[in-house]
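Subject: Structure for your review

Dear colleague,

Please find below the structure I am handing over to you. My findings follow it.

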Amino acid sequence: QVQLQESGPGLVQPSQTLSLTCTVSGATSSTNYYYSNWIRQRPGKGLEWMGTIGYSGNTYYNPILKSRTGISRDTSKTQFTLTLSSVAPEDTAVYYCATGARWGNYDYWGQGAQVTVSS
């Protein structure tokens with residue numbers, strides 16, 4: 001079955017750039033990860049969509065985070081990376097990657113990566 005795994009540092013210093021990678025495995029079709037998303041959940045808050053990259057490389061970002069967010073894919077298209085610049089303690093969250101065949105569908109989820117922003 002399709003599995004997603006987030007990887008990256010669990011601790012980032014304020015003002016630095018957070019970078020997380022999601023690796024997709026077990027997919028039998030590229031439609032399993034046609035739309036690849038990053039979503040986070042800050043302590044005491046609900047899920048917050050951060051952005052999406054389409055199979056062709058088109059990107060879409062949450063307007064609130066757009067100026068600080070970047071999402072890219074590698075050439076195999078089975079890895080995609082989130083960068084969030086100028087982080088602050090308020091960016092402390094569990095970061096999830098999720099993929100789906102259609103826009104807004106999150107068919108598959110990673111287990112989540114805890115990232116703490118602290119000096």
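How many helices and how many strands does the secondary structure of the protein chain come to? The model, which is a predicted one, has zero helices and 11 strands. Read from the N terminus, the elements accordingly run β-β-β-β-β-β-β-β-β-β-β.

Regarding overall dimensions, the C-alpha trace spans about 40 × 25 × 25 Å along its principal axes. The radius of gyration of the protein chain is 13 Å, which agrees with the value near 14 Å that a compact globule of 119 residues would have. Of these 119 residues, 41% are buried. Among contacts with a separation of 6 or more, 53% are made by residues 24 or more positions apart.

The chain carries 8 positive and 6 negative charges, whose mean positions lie 6 Å apart.

Most residues other than glycine have a negative phi. Ser 15, however, has a positive phi of about 80°. This serine is placed in the loop between strand 2 (11-12) and strand 3 (18-25), and Ser 15 counts as exposed because its relative accessibility of 52% is over the 50% cut-off.

Ser 86 likewise has a positive phi, of about 50°, without being a glycine. Its loop joins strand 8 (79-84) and strand 9 (93-100). With a relative accessibility of 46%, Ser 86 counts as partly exposed.

Yours sincerely

Technical notes
Residues numbered from 1 in each chain as written. Predicted model: local features only at pLDDT ≥ 70, side-chain atom pairs only at ≥ 80, totals over all residues. Heavy atoms only, no water. Helix = DSSP H or I, 4+ residues; strand = E, 2+ residues; numbered from the N terminus. Buried < 20%, exposed > 50% of the residue type's maximum accessible area, 1.4 Å probe, protein only. Rg over C-alpha atoms; globule rule 2.2 N^0.38 Å. Contact = heavy atoms within 4.5 Å. Lys, Arg positive; Asp, Glu negative; His and termini not counted. Charge placed at Lys NZ, Arg CZ, Asp CG, Glu CD.
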